[in-house]
Amino acid sequence: MSLTESETQARLLAQALPYMQRYENKTIVVKYGGHAMGNPELGKAFASDIALLKQSGVNPVVVHGGGPQIGAMLTKMGIESKFEGGLRVTDEKTVEIVEMVLAGSINKEIVALINQTGEWAIGLCGKDGNMVFAEKAKKTVVDPDSNIERILDLGFVGEVVEVDRTLIDLLAKSEMIPVIAPVAPGRDGHTYNINADTFAGAIAGALNAVRLLFLTDVPGVLNKQGELIKELSVAEARALIKDGTISGGMIPKVETCIEAIKAGVQGVVILNGKTPHSVLLELFTEGGAGTLIVP
Ligand SMILES: Nc1ncnc2c1ncn2[C@@H]1O[C@H](COP(=O)(O)OP(=O)(O)O)[C@@H](O)[C@H]1O
Ligand SMILES: CC(=O)N[C@@H](CCC(=O)OP(=O)(O)O)C(=O)O
């Protein structure tokens, strides 16, 4: 006998209760990637998921990206985007535009979407409340021909060196949902552009988050046959990078997951931000929605 729509809905709601209790008063960091943005209906569904988390007693913290949107703005200004080792080469002019797009327009768009649900979001970047300090990234790559390792000069690309949780803790006790752009100052007074995955990992680690969710444009980590892998240990994830199953942009993402777990995050999930309500499906249903990476 097939279930009516309302029976299915009632079952889903009943199923959600133990998960809501499990995450009550716990911090969940959600990284909203630039590829998952752009569709107004999906944006609304994302905002209502975040609002529902807050209403259920969870402490959601949103960290967002905006790589494609930065690229579009740079093109408009006649500046070419250049990447090395998956990171945007960021000169003085570029960092100004990065800050404008990330901490300005995208940040406020997400804040506005959440506020339209009736909840209270506040837009921040690493500069606010001395929350995050960065220093110039020291990324190295191995030249495939000579096998020699060299340090990349990416300009004002930063890596997080300090996270002060005072402001986020204060917000967690209030009605406010923090929405954070991955831009941070250095002790040297410069502004740094930080990869949003890395930034989210550092925030989740400092907050000892129970979950860190990465919303991207694929269902999760896929095996060689293109099927979704529901759960991966750190050791299994490393093996998939080594044998080439995980490649491209998924490598730094999975490496960030591993770092976040080492920093104390209990579980990290990579899931499809293009599926409406994927955040709720992941957190509040039995099967989840993406790939869960656990210690
Ligand atoms: N094993 C894998 N499973 C899933 N995606 C993979 C895998 N290996 C490589 N990828 C690629 O990684 C991409 C996601 O990384 P990226 O584009 O950097 O995401 P985002 O921009 O959302 O941060 C996927 O779109 C896919 O092309
Ligand atoms: C250093 C570096 O590469 N920073 C990224 C920051 C935005 C980002 O990471 O956005 P997504 O999550 O949408 O990719 C950039 O400039 O594109």
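Q: At roughly what angle do the axes of helix α3 and helix α4 cross?
A: In this predicted model, the axes of helix α3, residues 67-76, and helix α4, residues 92-115, cross at roughly 125° and come within 10 Å.

Q: Which residues make the contact?
A: On the side of α3 the contact is made by Q69, I70, M73 and L74, while α4 brings T94, I97, V98, V101 and I106 to it.

Q: How many of those are nonpolar, polar or charged?
A: The contact of α3 with α4 has seven nonpolar residues and two polar ones, with no charged residues.

Q: Changing topic, what surrounds ligand 2?
A: There are 15 residues around ligand 2, and the closest are G34, G65, G67, R88 and A196. The elements that give two or more residues to this shell are α3 and β4, the latter covering 87-88. By class, the shell around ligand 2 has seven nonpolar, seven polar and one charged residues.

Q: Where does UniProt place the feature "binding site"?
A: The UniProt record, an unreviewed entry, places it at G66, G67, R88 and N193, and of these R88 is in strand β4. Although these positions are spread over 128 residues of sequence, they cluster in space, with a largest C-alpha distance of 11.9 Å.

Key. Residues numbered from 1 in each chain as written. Chains lettered and ligands numbered in written order. Predicted model: local features only at pLDDT ≥ 70, side-chain atom pairs only at ≥ 80, totals over all residues. Axes fitted to C-alpha atoms, helices over the stretch in contact; angles between N-to-C directions. Helix = DSSP H or I, 4+ residues; strand = E, 2+ residues; numbered from the N terminus. Contact = placed C-beta atoms within 7 Å. Nonpolar A, V, L, I, M, F, W, Y, C, P; charged D, E, K, R; others polar. Near = placed C-beta within 6 Å. UniProt positions renumbered as here; feature names shortened; annotations may be inferred.
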